[in-house]
Amino acid sequence: MRTTDCGTELDLVHEERGTQGRLAVVMLRTKSVWRAFRNRLASNRLHDLDDRQLNDIGITRHDVVMALDRSGVLDDPSLLLSRAARERARHRFARPANR
């Protein structure tokens, strides 16, 4: 059997699988948008915390404002906030280079 024979025997597109595949993509995107929306609401609630509480989390009020400003309406600002917290922790707990 040649490769071309095998390739022509494959039935790659089925009507049922195509519909299920499109439905799965729609559901995945809807779920992603919903998660981003929930995380945006949670990020907005971070404004209610005082600076000491934000410092306990590892972020500043400026980080919250910048994450909400830099992310679009359907984007997830929690990704930017977690990145800011990781960077701050990396610099906060790093040992001085002189030792």
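The side chains of S71 and R40 are joined by a polar contact of 2.6 Å. In this predicted model, S71 is located in the loop that runs between α4 and α5. The residue is buried, its relative accessible area being 10%, which places S71 under the 20% limit for that class. When residues up to four places away in sequence are not counted, S71 touches R40, P77 and L80.

The loop between α4 and α5 also holds D76. D76 is buried but takes part in no salt bridge. The nearest side chain of opposite charge belongs to R35, at a distance of 6.4 Å; a salt bridge requires a nitrogen and a carboxyl oxygen within 4 Å. The side chain of D76 instead has a polar contact of 2.7 Å with the side chain of S78. With neighbours within four places in sequence left aside, D76 is in contact with A36 and N39.

A further residue of this loop, between α4 (61-70) and α5 (77-92), is L74. In contrast to S71, which is buried, L74 counts as exposed, with a relative accessibility of 56%. Together with V33 and V73, L74 forms a nonpolar patch on the surface. The accessible area of the three residues together is about 290 Å².

Across the whole structure, the search for salt bridges returns 3. One of them pairs D51 with R61, where the closest N and O atoms are 3.2 Å apart. This pair links distant parts of the chain, with D51 in helix α3 (residues 51-57) and R61 in helix α4, 10 residues apart. R61 is classed as partly exposed, at 28% relative accessibility.

Another salt bridge is formed between the side chains of R88 and D63, with an N to O distance of 2.3 Å. Since R88 belongs to helix α5 and D63 to helix α4, the pair ties together parts that are 25 residues apart in sequence. The two residues fall into separate accessibility classes: R88 is partly exposed, with a relative accessible area of 28%, whereas D63 is buried, with a relative accessible area of 11%.

The salt bridge between R90 and E87 has its closest N and O atoms 2.8 Å apart. Both residues lie in helix α5, with a spacing of 3 residues, about one turn of the helix. E87 is partly exposed, and its relative accessible area is 32%.

Overall, the protein contains 5 helices and 0 strands, and its pattern along the sequence is α-α-α-α-α. Of its 99 residues, 17% count as buried; S71 and D63 are among the buried residues. Of the contacts with a separation of 6 or more, 49% are between residues 24 or more positions apart. The protein exposes about 8,500 Å², and 56% of this area is supplied by carbon and sulfur atoms.

Methods
Residues are numbered from 1 along each chain as its sequence is written. This is a predicted model: local features need pLDDT of at least 70, side-chain atom pairs count only at pLDDT 80 or more; totals for chains, interfaces and linings use all residues. Side-chain values use heavy atoms; hydrogens and water are left out. Patches are made of residues with over 30% relative accessible area and no salt bridge: like charges are joined within 9 Å, nonpolar side chains (Val, Leu, Ile, Met, Phe, Trp, Tyr) within 5 Å. Accessible areas come from the Shrake-Rupley method with a 1.4 Å probe; for residues, only the protein chains shown count as cover. Helices (H or I, at least four residues) and strands (E, at least two) are DSSP runs, numbered from the N terminus. Buried means under 20% relative accessible area, exposed over 50%, partly exposed in between (1.4 Å probe, protein chains only). Lys and Arg count as positive and Asp and Glu as negative; His and the chain ends are not counted. A polar contact is a pair of N or O atoms within 3.5 Å; within protein, one must be able to donate a hydrogen and the other to accept it, and residues adjacent in sequence count only if both atoms are side-chain atoms. Contact means heavy atoms within 4.5 Å.
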